[in-house]
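Q: Hi! Could you walk me through this one? I'm new to reading models.
A: Happy to, let's have a look together.

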Amino acid sequence: MSARDPEVTALLAATRPDESRLSRLHATLVTRASDEGLLDVAYTTMDSPIGELLLASTASGLARIAFANEDFDDVLEHLAARLGPRILHAPHALREVERELDEYFDGSRREFDLNLDLALSAGFRQLVQQQLAHIDYGKTRSYQQVAESVGNPKASRAVGSACATNPLPIVLPCHRVLRSDGSLGGYSGGLEAKRILLALEHAA
Amino acid sequence: MQQPFEQVVAEHSATVLRVCTFIAGVNDAEDAWSETFISAMRAYPGLPEGANVQAWLVTIAHNRSIDLIRSRERVPAPTDEVPDAQSRIGIPGATDDELWASVAALPLKQRQAVAYHHLAGLPFTEVAGIMGGSAAAARKAASDGIKALRLRIAAESRTEALR
C-alpha cells in the first residue's frame, strides 16, 4: 500500500469500533458458542489472597486452576494443545467456581461442591490427585502417608510430582501435603501461597 | 499448535466488524460479525498450521455478509416504518452518516475491494481470490471506489458550505 488516501484514513477513523461495542459482541459470541457446543474451554481470572488465579473449565467441569507465577498465556496455550483451541474468556461460565473460591478464602467454606474434569492428568498422578480430596480441611498428610493411602508406600517421590503437577490446586488440596518432618516441601503456587492456605485453614 | 481462539478474536475483532459494516451495511454489521466468528469457531480446529488467519477471517466475513445481503433481498423490508439510518459506529455524527451514505452508494464490488484491501490490508491477489476475478480487476475496483468516495465527500462538503 502506498501513501494512504485521505478517504481511507477517514474510513478507518469512522469505522473504528469502540471497546464497549466489541466486548458486547464478544459476550454474544460466548453465549452462542456454548449453546452450540463449540466451546472447548471457558476461562476467567480472579483476585485472591494468594495472587491472581486463572480458572478454566470444559463442559465436564473445572479443569485447571493456575497461579500468576505460571504465566497465563502459557497456561492457555497448553490448554489449547491439550483440550482444544476453542477457548474463550467467559467469566459467566465460571461464576459458581469463583463464588466457592471466594467463600473458601474468606473462611466460610471448607469443601468444594464442583464438577471436576481431570482430563489434564492421567495414571498414577491422577489417582494421587483424586486421593487429595480425602484430606480434610485444616489437616495435613505427609507425602509418605499419601503414598501409603494409594497403596504404593514406596512412591512418595511420585506423590511429590503428582502434587507438583496438580491441575486443580486449592480444590484438590495438595497444599495439605507436607514432608514427613513437617517442613513445607514444594508448591506450584510458591511456598508463600502454601503457607497462607495452611494458616487460613488453621485459623478457621 | 493453534493459539487459543480468544487471541484470534482479540486480534481481529475490530477488522472483521469494519469489513462487515462495509459489506453488509451499518444495520446488519453486528449480525454479520457474529455469523463470521461462529463459522470461524466451527472451522478453527481444521485450520492448517501457518494459515493466514486474517485472510481466512475476511473470507468468512465476505461469505456471511453476502448471505445476509441475499437473505435481506428475499425478505422485503417493512415499508410502513422509516428505517433507522443512524450510525451505530462510535459516536453517531453527521460526518459518519455522510460517509456511510457514500459507502452504501458504491457498487458491491467496489465496497469489497476497498474493504478487503484498504481496511483489512490484504494484497490484491488475495482480494481477488475472495471476490473472484483478477487482481487487476480488484485493484481497479478499489481505486474506482476510493475515487467515487472522494467525489461524493467533496460534493457533500460543497453542499454543506453553501448552506
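**Where the chains meet**

Q: How many residues does each chain bring to the contact?
A: Chain B gives 31 residues and chain A gives 29. Keep in mind that this is a predicted model.

Q: Okay, and which helices of chain B supply residues to that side?
A: At least two residues each come from α1 (5-24), α2, α4, α5 (108-119) and α7 (135-162) of chain B. The largest share, eight residues, comes from α1(B).

Q: What kinds of residues are on the side of chain B that touches chain A?
A: They divide into 18 nonpolar, seven polar and six charged.

Q: What does the model score for ipTM and pTM?
A: ipTM is 0.91 and pTM is 0.88.

Q: And chain B itself, what's its average pLDDT?
A: Chain B averages 86, with 82% of the residues scoring at least 70.

Q: Switching to chain A: which domains is it divided into?
A: Domain 1 of chain A covers 20-105 and domain 2 covers 123-203. Their C-alpha centres lie 25 Å apart. The contact between these domains takes nine residues from domain 1 of chain A and 11 residues from domain 2 of chain A.

Q: Which strand gives the largest share on the domain 1 side?
A: Strand β3 (residues 62-67) of chain A, with five residues. The residues on that side of domain 1 of chain A divide into seven nonpolar, one polar and one charged.

Key: Residues numbered from 1 in each chain as written. Chains lettered and ligands numbered in written order. Predicted model: local features only at pLDDT ≥ 70, side-chain atom pairs only at ≥ 80, totals over all residues. Domains from an automatic or database assignment. Contact = placed C-beta atoms within 7 Å. Helix = DSSP H or I, 4+ residues; strand = E, 2+ residues; numbered from the N terminus. Nonpolar A, V, L, I, M, F, W, Y, C, P; charged D, E, K, R; others polar. pLDDT = per-residue confidence, 0-100.
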